[in-house]
Structures are given as C-alpha cells and as structure tokens.
Amino acid sequence: MNKELTGFVKAWEAAVRKSAGPKKRASSIFTPMSVAHVDDDYDARNGGEVSVTQVEKILPNGDFYTGQWLENGPHSQGKYLWTDGCMYVGEWQRGAITGKGRFSWPSGATYEGDFKSGYMDGKGTYIGSSGDTYKGCWVMELRHGQGTQSYPNGDFYDGEWRKGLQNGHGRYQWKNGNHYIGQWRNGVFYGNGTMMWSNGNRFDGCWEDGLPRGNGTFRWGDGSFYVGVWSRDSREQSGTYYPSGSCVGHLEWDPQELFSVDLVDCSICACEKVAIYPSQKSLNILDLDKMSRKGTDFNGRTRWSSADARVSNYSSEDGSYDGSRTSHCDNSIPRVPNLRLKPPKKQGETISKGHKNYDLMLNLQLGIRHAVGRPAPSTSLDLKSSAFDPKEKVWTKFPPEGSKHTPPHSSCEFRWKDYCPVVFRALRKLFKVDPADYMISLCGNDALRELSSPGKSGSFFYLTNDDRYMIKTMKKSEVKVFLRMLPGYYKHVRAFENTLVTKFFGLHCVKLTGTAQKKVRFVIMGNLFCSQYAIHRRFDLKGSTFGRTTDKPESEIDPTTTLKDLDLNYIFRLRKSWFQEFCRQVNKDCDFLEQERIMDYSMLVGLHFRGMSSCDNVTPTSGYSPGSTTPTGNGNMADGAPRLSGVDVDHLVVDPSRWIQLGINMPARAELTVRKSCDTPQLVGQPTGELYEIIIFFGIIDILQDYDISKKLEHAYKAFQYDATTISAVDPRLYSRRFRDFIFRVFVED
C-alpha cells in the first residue's frame, strides 16, 4: 500500500474513533489490497488448503477492516471499525465474530471477553462509560450465570444472574455498609435471605418481590428480637417481641417501620444500558472484486459467499436467513417441495353484532372484567388448601339494568360463576400477567375471534384480538377433572417455571336465565403461538399412528392447518444446553400428568422458517455461511433472530415473549426426513441432511383428559380391531412412556 493511502487510512481511522456518526466521503471506492500470504487453512469440504492473507479494506459504506482474511471473510485475527465509532478487535471464524475479542463504543464503554457468532457469549468483562463494571458469564449478550457487578454509586453485587437480572443466590452490598445475602428472582429479593444493616440490626426470613413476606425474625444490635409473620399489609402482620435481658427499649416499635424506615434506602441500582449490542452491528464486508460480478441481490443487499464458493442465503443487512433466493451457481443444494403459503391474516371469524355468539361474547367480557377488576387483598403465592375446594366459587347475577356490583349492559340477563378465584389470581401473578393488560386483551374494544370449526372434542375456541389468550369451552366432565388436579397443577407450575404444560389463567361459567337455562363453561389459556414470528407449519404430536394424519389434500394445507404425527417430515435439532433442559422438563411434565392419570395430551409444535415471508419458498441452508448470525438493529422482527436491546432487557420480566425461553422463540434447525414405503407406518422418517434455520415453539396441550370409563371403552373397542400400541386411548403410564420415546426421537441434540 503506498504511503499516501496508508497516511489517509490512519488519519481517517483516528477521526472515525472520535466521530459519533458517519461522515460524508468521496464517491470513489478504494480497491482492497491483499498484502501478504500469512497462513494456510484446511478446507475439509474441498479437501485442500486455502490461503489466509493479510488485508486492509475500506468498505463501500465507509467501514474499515484490517486483519487476516480467508477467502470471502475475516478469519483468525482482525480489527473492524464502524463509521459510528464502534470498534471490534479480536478473533474471527470464517466471517463471524467468534473467540476472544474486545468491543468498544464511542461513549468509552468496552467489553472484553468471549464472543460467539457476533454475540457477547461466554466469560467477559463489560465496563460502562460511567464506571459500571460487570465481570462474569454472558449468554446472548445478557448477564447469565455467575458474575460480579460494581455500580457507579459504589454498590456491589456478587452472585448468580439469569436473563440479565439477579436470579438465584447472591450478595448485594450498599456503599453505606448495609448488605443482603440470600435468594433472588428477576432482580429482586425473593426466597430466604438475610438483610444486615451497618448499625448491627438484621432481618432473617422469607422475601417476596423485594420485601419481607412470611415468617421472619428482626434482630436489634442489643440482642432483642421480634419473631412473626411479615407483610406490607399491616392487617396480615403478626408476631411477638422478645427483649434482651432487662432491656425493653423496643416495646413501642411498630413492625411496619421495617418497610417504611429500615428498607427505604435499600434499593437496587440498575445496570447501565448498552447503547447497541455487538450482534446488532451490521458487518458490511464485501469482497469488492465480486461487486463487478453481481455480488449484490436484487434488493441491493450484500450476499456473502461461503468458503466453498457457493452464495449464501444470509443477508448482511438484516442478518436473517433468506431461503427464497438461491444462487444460479449453486447446483449442489437439493431442492425441496415448496410450502404453500397464503398472505398472512388473522385466524377465525370476528364476532360482531348479529353473530350467533355475540351475546355470549359480551357476557364473557362483562364477567371477566368484573372478576379481575373487583377489589381483592394482595395475593400470596402460599395458598391454603381451602382455596382449591371445588365448592370455592362465586356466583354473580348480571341484570341488563345493572346492580350495585354490576354495570348495565345490552345483553340478556345471565349469571356468572368464578371457580377458585383465589387460585387463578395467584396463577396470573405467578405467570407475571398484569391485571390491566389481561382485561384489555380480553375485554377491550376489540372483539374476540371464533375459530372456524370446533375441535374434535366439540369445544369451541375463541382468540383475543391481540392473539395473547385463547378461550376454550369445556364439558362438565373436563371441569371436574381440572378442579381435581388443580392443587397438583399449581404446585407443579410453581416448582418449574419452564414447564411446557398449558398455562391456565381462569375458569368460569356463564348461565343464561330464562327458558334456555344454558350453561357455558370455559377456561382461559395462553396462546403458544402469540409471537412476532409468523408460524409457517404447525404439528400436533402424540406418538401414536392410528388416525394420526390430516384429512386434507396436500394442495389445501396452509400455515393454519394443524398436521399430525404421520404428516411430520422433520426432526428438530436443539443446541446442547437447551436440549438437556428440554429433556428434563418433558420428563417432569410427563411424570406430573401420569400421576394425575391424564392421557391423550400432545406436543403442539410451531415452526417459523428463518427469512421466509408469506410468498417465499423454503430451501435448505448450505454448509457454512459467514456472518449468518449477525443480525442488525433495524427493528424488523418479521424474520431472523430476535434483536435484543436495552429496552428489551428492561421488559424481560413483564414481557417474557421478547426473550428466548424453553418452547418460545427458540432458534433451532429442522432436518428434513423421508419415510420408507412399508406396510407399518413409520413414525419418524430417515434424516436426509437437508437443514433449515427455524424459530421453534412447542408446548404440551390438551391436559384435561383423564383415563375415565369412556376412554377405557374406546381402548377396548379399538384394541379389538387394531394394534393396541398404535391408538391414542391407552393407560396413562403407557401413554407417558410412548409419548416420551417419540418426542425424544423427534427432538435431538444439535
């Protein structure tokens, strides 16, 4: 490189570090110069060595890269400068930021540590512009695992993290000498813990949502103490004071002072927000020699070339897999049948005035608004056994003209029943459902939508307009089963926050008065497929073969069609840590359902093919794709991986759908399978090696069918005509074992 160009690059590099935004540049583009051969790398696909060179590149958008280069992307060591002043220096692996490195922001903030596919992932240290320092484990750019946090105000935390918040066991020390040691959940004290003040006082006991709740002991420095049950509500507070010897100095002490005085200065400092994450930075690397050979797609976006000279389907603009565009020079990618997709639209028929169920919808909304909105004492998660009593129900009459407790309405008179209201209020709290949001979704101005046809059981399904909640009508027998298993269900979902079983939020009944005397019982559930991602394929999987195929011809199958076991033509590959958690949770959930004598449940699976729109076709990924997991921060959530931002971190607790969790928004790979032609139906086909980048959703549904006399008769009748192992109606123990065996063949470790 000549002296003039070298001098220009150095001056420009110094200027861009100071810059907070891009500068105007000359229209000419400097030709990248490959300098010297440095090393050889072995390409297993091609069976030969490929050269690693040292390069300096000024990119078309003004970014700058200097370092080692392998074929069409950075490799080994290199430095990348963005025009906004961000910079990465460290290890690369075939075009992706992977390995040890250092990322710096224009504000002066830095991260030094492990990277995986462009994410801060592994062990590393983040130092914020204000001195905020975190040293520890990261997962997908969030604090996750063991770590220490030093805050600008002098506070310090040492302990466990989860999803960017303190979670597990940890110690928090304030600058004034106070400190807390104990359990945390979602960034607040939760569970058993000890608070010690610098004046010698301390509290040992149970905490909930950052405050003492339940049994605990407050001790003074002089040895006297108060033992009791603690609550922010003075009506629930009770206890006994024990003086130290002849000291009676605290007899007049009000236990509520613990909340109003002692804990006032014990607030948790927030972590500094990250302006933009490394994974959100677009890598605009482009081998300029290929620009003249049409190196951009028809939208003007960069295509990356893979190491074996095939053009990848990942866009460097939005980082998402784009399966609709394959290169004409890539003849080795096998073609697969196209998915028939219709333009996206909301499922179901809107229940407007004149609809046969319009009055029923109004009744449901009036009842829910009344049940959720009426004043109630703060709900503890520790419930008494009486709360689960099937007789624990509340009837409310709704006359059209209104009453002291109900508003006037335009529907007919009806009666409303709430089953176990205290339990479901606790469940909504446990599932972090905000009461106001819950009422807006179910009872807002938007009408419900009725799905086109009832399920096989004869139940009708209704969806809220925002797709968050699903309402299912129930038979009396199902209500009895649900109320019988409710104590076990509550205990299970409280013990396992990653449970895959359906989340229930309310159980109600509407009874129409007059001649009809019709009763409609219904349950409110979470909608598994409420997401920013379009669901392209959905499957209902049980592990049986008899009758387990869709009755639609292939030409009529669309994204709203629920396919069954014998229609499944994929296996799903999960990363190791997720797969291990998946196996543990499936086993726990199946143990619970078997214990409750439940059978005929299924795994509902939804697939979003990365980079696919309503009119795209699905094609498999092709080997290595540099930069494939480097999404930008353009805010487009239709395709690609979720983009995390500082705002997202703040809302992880109240909006868990914005975070990847077990069964929700999970990046994975689907491998196409093919069944052999034989007399006995083959549940799982043979893998073909054709892989698709997907976002997968899954959960266990239909968990209210017990092995009653009707199912026993169904088993006897069908077993007489068909192979007993192929039918759905079998003993819960056999059903559980068969279900697990099947699911663990469909979901495998990647």
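This is a predicted model: local features need pLDDT of at least 70, side-chain atom pairs count only at pLDDT 80 or more; totals for chains, interfaces and linings use all residues.

Colleague: How many helices and strands are in the protein chain?

Modeller: The protein chain has ten helices and 35 strands, where helices (H or I, at least four residues) and strands (E, at least two) are DSSP runs numbered from the N terminus.

Colleague: And what share of the residues is buried?

Modeller: Of the 750 residues in the protein chain, 53% are buried; buried means under 20% relative accessible area, exposed means over 50%, and partly exposed is in between, with a 1.4 Å probe and protein chains only. The chain exposes about 34600 Å², of which carbon and sulfur atoms supply 51%, the areas coming from the Shrake-Rupley method with a 1.4 Å probe and, for residues, only the protein chains shown counting as cover.

Colleague: Which residues have the most contacts inside the largest nonpolar core?

Modeller: Those are Phe572, Phe582, Met603 and Ile696, in a core of 110 residues. A nonpolar core here is a set of buried Ala, Val, Leu, Ile, Met, Phe, Trp, Tyr and Cys residues joined through side-chain atoms within 4.5 Å. Helix α6 (residues 476–495) gives the most to this core, with nine residues. There is also a second, separate core of 45 residues, with Val55, Ala109, Trp138 and Leu258 included in it.

Colleague: What is Met603 in contact with?

Modeller: Leaving aside neighbours within four places in sequence, the contacts of Met603 include Leu500, Phe539, Phe582, Val586, Phe698, Ile700, Phe739 and Ile743, where contact means heavy atoms within 4.5 Å.

Colleague: Switching to helices, how do the axes of α3 and α5 cross?

Modeller: The axes of helix α3 (residues 358–373) and helix α5 (residues 435–443) come within 10 Å and cross at roughly 175°. That makes α3 roughly antiparallel to α5. The axes are lines fitted to C-alpha atoms, for helices over the stretch in contact, and angles run from 0 to 180 degrees between N-to-C directions; under 35 degrees counts as roughly parallel, over 145 as roughly antiparallel, 65 to 115 as roughly perpendicular and the rest as oblique.

Colleague: Which residues meet there?

Modeller: From α3 there are Gln365, Ile368, Arg369, Val372 and Gly373, and from α5 there are Pro435, Tyr438, Met439, Leu442 and Cys443. The residues of this contact divide into seven nonpolar, two polar and one charged, with Ala, Val, Leu, Ile, Met, Phe, Trp, Tyr, Cys and Pro counted as nonpolar, Asp, Glu, Lys and Arg as charged, and the others, Gly among them, as polar.

Colleague: Why is α4 largely enclosed?

Modeller: Helix α4 (residues 421–430) is largely enclosed by the rest of the structure because seven of its ten residues are buried. The buried residues of α4 are Pro421, Val423, Phe424, Ala426, Leu427, Arg428 and Leu430, and what covers them includes α3, β22 (393–398), β23 (414–419), α5, α6 and β27 (504–512). After α4 comes Lys432, whose phi is positive, near 60°.

Colleague: Where else is phi positive in a residue that is not a glycine?

Modeller: Asn665 is one of these, with a positive phi of about 55°; Asn665 lies in the loop between α8 (646–650) and β33 (666–674). Ser76, in strand β4 (residues 73–81), also has a positive phi, of about 80°. Most residues other than glycine have a negative phi.

Notes:
Residues are numbered from 1 along each chain as its sequence is written. Side-chain values use heavy atoms; hydrogens and water are left out.
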